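Subject: Structure handover

Hello,

I am passing on the structure below, with notes on what turned up in it. Please read the notes with the structure open.

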Protein chains: 2
Amino acid sequence: MNVLIIYAHPEPKSFNGALKNLAVSELTSLGHQVKVSDLYAMNFKAVADSDDFLMRQDKDFLKYAREQKNAVKTNNFTKDIQEEQEKLLWADFVIFQFPLWWYSVPAILKGWFDRVFASGLVYTGEKCYDAGGLKGRKAMLSITTGSPKQAYGPYGIDGDIHEKILYPINSGLYFAGLEPVEPFIAWTPSHDEADRERYLEEYKGRLQQLLDIPSIPYHPQSHYNEEYQLKMEYR
Amino acid sequence: MNVLIIYAHPEPKSFNGALKNLAVSELTSLGHQVKVSDLYAMNFKAVADSDDFLMRQDKDFLKYAREQKNAVKTNNFTKDIQEEQEKLLWADFVIFQFPLWWYSVPAILKGWFDRVFASGLVYTGEKCYDAGGLKGRKAMLSITTGSPKQAYGPYGIDGDIHEKILYPINSGLYFAGLEPVEPFIAWTPSHDEADRERYLEEYKGRLQQLLDIPSIPYHPQSHYNEEYQLKMEYR
């Protein structure tokens, strides 16, 4: 398999860095091809703006998604965006490695989605969700948290990690056609060295069975009616 | 009241720009003091990294939150962060004006949270949620969407806008001590000029009764036990 790791942490010696390094070595030794986008090391531009296009279709009014659509057709993205899109299309499996900051991804990774997940490439008005442009590929979030596991349970103070916190992120992956699988979560790993070792072992096991990780259940588009509502029979 | 508007859209002529402009004029004419952080116009740095501190406490290992905590004590933030923090502390009410991109905020706004919502200022290990550093202030999300309202209902294809999509963002506000009120949502305003006018009128009404907007119900920290679980009596 071709595995792409999108990695977003400013400190190479962090536990996120350790998880990323483990994924590279383990997946390589398993015979997979691995590419890494180390967003901080690349100094990846986070902010979507008019500079993302070599030529503008409309110079008077920036409608970002429309410019993306045009750039896909005319090959008009800046090099950094184009390279990330090529890696995405190359990949069979994408791992996102990041710390949960403010209940979401770090800005540098949000910017990667805003800029790389382009209209006309990963989705169109007709082709999205299970028909999205990245169809046939899987994706997994691998995260670290600042609060303990209990805080993210159904009655936890921070809200259910699956149903509430990671839902918007996984929905974005799904909208682009990716099949999101259950996340790997290291709960507050910074506080305990034994915990870290345990998490690395656990992650190693996960990496060895990448294709066996259960997918997050999303209804296909065909289960919704023309008003975007889940049909009665699937509720 | 002192009202701070955090505005994140790359196109000044956008509908987000129109909503921001309306808020400035309407709130000013109502006698409020208004400040705007126009993140794109400010070329606001989105990526949290070691450059955010004039002096590092630990130069060998970047633990971002720890450096924030130190920077609060020693006045060591870069000027752009410090200015935003001062505006926040000045404000009684904060409006976040942005388009929903990939089920979340644009990266430039995520970076504003990552960098400005500093450990030691808006939260500590002990003071967070209803005891957070921004306690006594209210906040409102004002957003535009790319999908119609039905898609964001409880059975909508994109997931419930309140329970799923905006939940992590509002939780971040709440964690910092802000009291989030019900969001203002303009559903796919770009497609219909009459819709736009209607939304501007509706928003104007909202701005005239800013303090009457119902708050989003969050349990205070005292409703949770030591394991971060909602106590039985509040379920």
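Is Cys128(A) buried or exposed? Cys128(A) is buried, because its relative accessible area is 6% and the cut-off for buried is under 20%. Its counterpart in the other chain, Cys128(B), also counts as buried, at 5% relative accessibility. Please keep in mind throughout that this is a predicted model. On the subject of cysteines, the number of disulfides over all chains is zero, where a disulfide would need a pair of cysteine sulfur atoms within 2.5 Å.

Next, the two chains. Chain A superposes on chain B by a rotation of 180 degrees, with 0.0 Å of shift along the axis and an RMSD of 0.0 Å. The two copies are therefore related as by a two-fold rotation axis. Of the interface residues of chain A, 100% are also interface residues in chain B, so the copies meet through the same surface.

Within chain B, one helix pair is worth a look. Helix H3 (residues 79-90) packs against helix H4 (residues 107-116) at an angle of about 85 degrees, and their axes are 10 Å apart. Because angles of 65 to 115 degrees count as roughly perpendicular, that is the description that applies to H3(B) and H4(B). On the H3(B) side the contact is made by Asp80(B), Ile81(B), Glu84(B), Gln85(B) and Leu88(B), and on the H4(B) side by Trp112(B), Arg115(B) and Val116(B). Sorted by class, this contact has four nonpolar, three charged and one polar residues.

Back in chain A, Thr78(A) lies in the loop between helix H2 (64-74) and helix H3 (79-90). Thr78(A) is buried, with a relative accessible area of 14%. Leaving aside residues up to four places away in sequence, Thr78(A) touches Asp51(A), Asp52(A), Phe53(A), Leu54(A) and Arg115(A).

Last, two residues to check for their backbone angles. Most residues other than glycine have a negative phi. Thr188(A), not a glycine, has a positive phi of about 35 degrees. Thr188(A) sits in the loop between strand S5 (179-186) and helix H7 (193-208) of chain A, and counts as buried at 15% relative accessibility. Tyr228(B) is not a glycine either, and has a positive phi of about 65 degrees. Tyr228(B) is placed in the segment after helix H7 (193-208) of chain B, and at 35% relative accessibility it counts as partly exposed.

Regards

Methods
Residues are numbered from 1 along each chain as its sequence is written. Chains are lettered from A and ligands numbered from 1 in the order in which they are written. This is a predicted model: local features need pLDDT of at least 70, side-chain atom pairs count only at pLDDT 80 or more; totals for chains, interfaces and linings use all residues. Side-chain values use heavy atoms; hydrogens and water are left out. Buried means under 20% relative accessible area, exposed over 50%, partly exposed in between (1.4 Å probe, protein chains only). Copies are superposed by least squares on the C-alpha atoms of residues with pLDDT of at least 70 in both. Contact means heavy atoms within 4.5 Å. Axes are lines fitted to C-alpha atoms, for helices over the stretch in contact, and angles run from 0 to 180 degrees between N-to-C directions. Helices (H or I, at least four residues) and strands (E, at least two) are DSSP runs, numbered from the N terminus. Angles under 35 degrees count as roughly parallel, over 145 as roughly antiparallel, 65 to 115 as roughly perpendicular and the rest as oblique. Ala, Val, Leu, Ile, Met, Phe, Trp, Tyr, Cys and Pro count as nonpolar, Asp, Glu, Lys and Arg as charged, and the others, Gly among them, as polar.
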